[in-house]
Amino acid sequence: MSSAFDLGLGVLDHALVDSEGRRCGKVDDLELEGVRDGNPRVAAILTGPSAWSGRGRIGRVVAAIVRGRLVRIPWSEVDRLDSAVHLRKTAKELGLGRGDVRAAKLVERIPGSSL
Amino acid sequence: MRRAVAVAVVFLTGCGAPEDPAKQADDVHSVAAEGALLAHEASEDSLDAFTTEHAKALRKLLGQVRPAIEDAELARRADGVDAALAALADHPGDRRRAAVLERRLEELAG
Amino acid sequence: MKSVFSIALGILAAIGGFVDIGDIIFNVAAGATFGYQLLWAVVVGVGGIITYAEMCGRVAAVSGSAVFDAVRERLGFGVGLIALVAAELVNLLTIAAEIGGIAIVLQLLSGLPYRVLLVLAVLALGLVLWLMPFEWIERVFGYCGLALLVFAVAAIKLHPDWNAVAHGFVPSTGTGNGWVYAYFVVGLVGAAMIPYEVYFYSSGAVEEQWTAKDLGVNRANVLVGYSLGGILSFALMISAGALLLPQGIQGELLGTVALVAEAPLGQIGLILALVGALAAISGAAIDSSFSGAYSIAQFFGWEWGKYRHNSGAPRFTLAWMVMLVLGFLIVVTGVDPIMVTELSVIFSVVALPLTYVPILLVANDRAYMGRYANGRFANLAGGFYLLVVFVIAVAAVPLLLLSNMGQG
């Protein structure tokens, strides 16, 4: 359905929020299917630094410098859309927000990190 | 582009060292007048740390203008202001001295 | 639904937190150079920040998203990244200027060496940010900043020509050097509308977990708080104009600013001026550090906010620490913090369009705002100020050069 497709395009660069309300990245790119058979759909959301290589020249340069992962979130995992994309599962289950997990190990070493 | 950068660099580094004698006179007057004000406040009991540190800051400001001054009279005045500020910085709590320095700086402000 | 008391407290914090080192320096220098002739420029700036802060607060309350979230959506990844980099570079200059300002005020109070005080300032700021909850930070520095109201008393006690003061509120081309006058107009409007303020205000609304029910609080904070905050700016300019201009004293040192309060009011004026400046500049250092961290976290989709606790938003936490350290490194080189202040304001002005265009766009977006999207008045004011912002953004650097950084 073209309206679902437009909706999908409309979420590009919007925030991803998991089922617990945690922010876990942005919609960095979209995986489309069915474009050639005239029935375009958004198959999946792509997120992570590698996904920036599809976002123009600046995106390619930054993706090459940062060299991060790519996480593919099937469109079926999307719960609802408002200003952000709300997902059905937690960030951990989807493999998102790993940067925060790594950074937390550093921050937790300092006393008072739960403040 | 390179020329623009060069102009910017020259401009930024040259900032604060005016060549124009009228501007120099204004700067010396400004420091002298402000020094007089500072000395006045010190004579009426101010915070010693403030008097010392601000007098030093004024001396530093004067020091930026002083090297470019060619007029002998203006240079003499600037040196007088500098000496008065130095005395104020060294004796911030001495109210009577501050009153004397205030008059001196007022004279030099012209 | 917040009580009237709570709203009043918020307004007080907004007033006390209104000025930062850029406002202090530009308002006093403008007073010393042009007397009361530039008061209208402050009005323009205050009107601009009221208009856009209201929008930012509304966006955050209604959508739960802060303004920089929308920058990437509105401008795309590439242009958005340019906007982020520009915002962060300019913000770093601001942080550096504020940290330098704190050290100068501490030096005036204590006589301790400048560089030692720089280290002390950064450590103290870091400690406060690490330990204190968001609201406490805003309230404490906001209330202490109210000490700057001493300049309102000073202005009255200095017996300015109130007729001339009234004339200063009417826009004019001023007397004296035209380039310097224009430079001050740009600086005064820029200092009032400096980008970190709107990024911080909108993120702060999310930190305090505002909802649509808090739109009234938002309006009160902004309309009453920022208008009254503008009075602090007027007071700085008027008292400087009354005291410094007649004596031919140029007003570009923080010690000079303090003297302006001491002359009519004695030692108590001096102390209130220094303590108020310390609080206001420290608050601004905190706000701008957080603003830098908010922006990068919001652009990349990291979890963010003091309300998530330090370990709950670890990349955000590390980001503000890095911002503080980088700001410190800039100013520990010994560069003159007053010059850094002026440059930070002028370069912020250049970046203003990149800041304000996305805000106006997202405030009009029904997907974000539902029925709370901009009405006609908000769009009129928003559009007018966008025009102002574009004009001064283009004029900023040429005027910096033509006016010899306000020296003439």
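A: A residue is called buried here if 20 or more other C-beta atoms lie within 10 Å of its own, exposed if 12 or fewer do, and partly exposed in between, with C-beta atoms placed from the backbone. Helices (H or I, at least four residues) and strands (E, at least two) are DSSP runs, numbered from the N terminus. The model is predicted, so that local features need pLDDT of at least 70 and side-chain atom pairs count only at pLDDT 80 or more, while totals for chains, interfaces and linings use all residues. Residues are numbered from 1 along each chain as its sequence is written, and chains are lettered from A and ligands numbered from 1 in the order in which they are written.

The part to examine is helix 12 of chain C, which is mostly covered, with 40 of its 47 residues buried. Its end C-alpha atoms are only 38 Å apart, short of the 69 Å that a straight helix would reach; that expected span is 1.5 Å times one less than the number of residues. A kink of about 150° is centred on C:Leu265 in helix 12 of chain C, where the bend at a residue is the angle between axes fitted to the seven residues ending there and the seven starting there. After helix 12 of chain C comes C:Gly301, which has a positive phi, near 85°.

Two residues are in contact if their C-beta atoms, placed from the backbone, lie within 7 Å. By that rule, and leaving aside neighbours within four places in sequence, C:Phe184 is in contact with C:Phe26, C:Ala30, C:Thr33, C:Phe34, C:Leu38, C:Ala41 and C:Gly406.

Chain C as a whole has 16 helices and 0 strands, and 62% of its 408 residues are buried. Along the principal axes, the C-alpha atoms of chain C fill a box of roughly 55 × 45 × 45 Å. Of the contacts in chain C with a separation of 6 or more, 86% are between residues 24 or more positions apart.

Two residues of chain C other than glycine have a positive phi. C:His159, with phi near 50°, sits in the loop between helix 7 (150–157) and helix 8 (162–168) of chain C, and C:His159 counts as exposed because it has 9 C-beta neighbours inside 10 Å. C:Asn404, with phi of about 55°, belongs to the segment after helix 16 (376–402) of chain C, and its 18 C-beta neighbours inside 10 Å make C:Asn404 partly exposed.

Turning to the partners, of the 2 pairs of chains in contact, chains A and C share the most contacts. That contact takes 25 residues from chain C and 29 from chain A, and helix 4 of chain C gives the most to the side of chain C that touches chain A, with 7 residues. This side of chain C has 11 nonpolar, 9 polar and 5 charged residues, where Ala, Val, Leu, Ile, Met, Phe, Trp, Tyr, Cys and Pro count as nonpolar, Asp, Glu, Lys and Arg as charged, and the others, Gly among them, as polar. Chain A itself comprises 4 helices and 7 strands, and 35% of its 115 residues count as buried. In the other pair, 20 residues of chain B are in contact with 21 residues of chain C, and helix 2 of chain B supplies the largest share of the chain B side, 8 residues. No contact joins chain A and chain B, whose closest C-alpha atoms lie 23 Å apart.
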